[in-house]
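I set down what I looked up, entry by entry.

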Amino acid sequence: MGIYLSTPKTEKFSEDGENVKVRYGLSSMQGWRATMEDAHAAITDLDASTSFFGVYDGHGGKVVAKFCAKYLHQQVLKHEAYLQGDIGTSVQKAFFRMDEMMRGQRGWRELAALGDRLNKFTGMIEGLIWSPRNGDGNGNTDDWAFEEGPHSDFPGPTSGSTACVAIIRENQVTVANAGDSRCVISRKGQAYNLSRDHKPDLEIERERILKAGGFIHAGRVNGSLNLARAIGDMEFKQNKFLPAEKQVVTADPDINIVELCDDDDFIVLACDGVWDCMSSQQLVDFIHEQLNSESKLSVVCERVLDRCLAPTAGGEGCDNMTMILVQLKKPILSGASPRDEPSASPGEPSASPCDEPLASPGDELSASSEKLPASDDVSAESKPAAECGSSS
């Protein structure tokens, strides 16, 4: 059977004054894997009006996923673009910043502290010698200045992680994704993919991989990695003549900004261990069915993971699974309903964001409002839970 981790089964609210905005639950399961390499972040108060949710699926080790869960949202918050209201740019820069921060002496030391395979005593001694001043204790990071030390030329980790995050502010969600974890929204019970799975066989990914000097064999980059985008995996990012977004494997996320409306029920973020077993629409249907009888969102998440878990550990067994379920709440407006608020500039036709269906994002996603397809799938075929297997 699967192993549930000690992650709190959380029911929380994000509040802006007296207005309850979102409610979430989460759960993680080790499944039949020997180790747990998933991580997550759920911060309902990234600032007074913003919530942050992220899932990180590690491969080749857990340290990059844990590093992202610890630092990525902090980097989003501190970027100057965020202070100007440009969440899309700030989250894109934060993805790239993860790779930068994991290099050198400071990066090595932080990864050593998060891992289990390095000498803890040595890491502690080096930390005492080369560590800069710590943050002020409220979760803020320092400037991550260069450090001298025996690992000053550390190129970064050979392991990596997917990253799929959703940042909710008022009636807008910004989704950033690199890899094959996925974000889906339920609108009137219909599943809409807010991210795209970055597999090497996608045309846009294949083109970049080949131009950067890589190759694809058996659906894997250089015959090894079955993802075209990820944080970490520095062995695929060694071309000194190319920018970070054009490397064989890139941390460059697709950014998708969507206006929320009254028809939106919930948002799901989950690692591919879930999507290997259920399509987007199957998961949305299952969640709606469970919500008819269960109010605790964390319990609903556990039932999804139970549904996906294979009954036996045949072959390599089932993947690690992590899922965050965010239930959307309509804002309480004093003296007006959402329909009373203007939704267009003067002289333009007024329309609710839900008046137009979400449409296909195409091959390119940019930091602007995109519309995505109602879809049973992005790239993974649905299959029964008993057939769920390894996909790393």
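Is D47 buried, partly exposed or exposed? At 23% relative accessibility, D47 counts as partly exposed, where I take buried as under 20% relative accessible area, exposed as over 50% and partly exposed as in between, with a 1.4 Å probe and protein chains only.

**Entry on the model.** I am working with a predicted model, in which local features need pLDDT of at least 70 and side-chain atom pairs count only at pLDDT 80 or more, while totals for chains, interfaces and linings use all residues. Residues are numbered from 1 along each chain as its sequence is written, and side-chain values use heavy atoms, with hydrogens and water left out.

**Entry on salt bridges.** I followed D47 to its partner and found that its side chain meets that of R169 in a salt bridge, at 2.9 Å from N to O; the term requires a side-chain nitrogen of Lys or Arg within 4 Å of a carboxyl oxygen of Asp or Glu. The pair links distant parts of the chain, since D47 belongs to strand β3 and R169 to strand β6, 122 residues apart; helices (H or I, at least four residues) and strands (E, at least two) are DSSP runs, numbered from the N terminus. R169 is buried, with a relative accessible area of 18%, and R169 also lies over the face of Y82, at 5.0 Å from the ring centre. For such a charge over a ring, NZ of Lys or CZ of Arg must be within 6 Å of the ring centre and within 35 degrees of the ring normal.

R206 and D201 meet through their side chains at 3.4 Å, N to O; R206 is partly exposed at 35% relative accessible area, and D201 is partly exposed at 47%. E294 and R303 form another salt bridge, at 3.5 Å from N to O, in which E294 counts as buried at 15% relative accessibility and R303 is partly exposed at 30%. I also noted a network of salt bridges that links K70, R106, R109, E110 and E147.

**Entry on aromatic rings.** Ring pairs link W144 with F67 and Y71 into a cluster. I count a pair when the ring centres of Phe, Tyr or Trp (its six-membered ring) lie within 6.5 Å, calling planes under 30 degrees apart stacked, over 60 edge-to-face and the rest tilted.

The structure holds 4 aromatic pairs. In one of them, Y24 and F53 have ring centres 5.3 Å apart and planes at 65°, so the pair is edge-to-face. This pair joins distant parts of the chain, with Y24 in strand β2 (residues 19-29) and F53 in strand β4, 29 residues apart; both Y24 and F53 are buried. F67 and Y71 form a tilted pair, 4.8 Å centre to centre with 50° between the planes. Because F67 and Y71 are 4 residues apart in helix α1, they are separated by about one helical turn. F67 is buried at 0% relative accessibility, and Y71 is buried at 6%.

**Entry on the cores.** Which residues touch the most other members of the largest nonpolar core? Of its 36 residues, these are F52, Y56, F67, L72, F95 and I231; a nonpolar core here is a set of buried Ala, Val, Leu, Ile, Met, Phe, Trp, Tyr and Cys residues joined through side-chain atoms within 4.5 Å. Helix α1 gives the most to this core, with 9 residues. Apart from it lies another core, of 26 residues, among them F266, A270, L283 and L297.

**Entry on F95 and N177.** I listed the contacts of F95 (heavy atoms within 4.5 Å) and, leaving aside neighbours within four places in sequence, found L72, I231 and N177 among them. N177 has its place in strand β7 and is buried, with a relative accessible area of 1%. The side chain of N177 reaches the backbone oxygen of R196 at 2.9 Å, and a polar atom of that side chain lies 3.2 Å from the backbone oxygen of G179. Not counting residues up to four places away in sequence, N177 touches residues including F95, H198 and D252.

Notes:
Polar contact = N/O pair within 3.5 Å; in protein donor to acceptor, adjacent residues only side chain to side chain.
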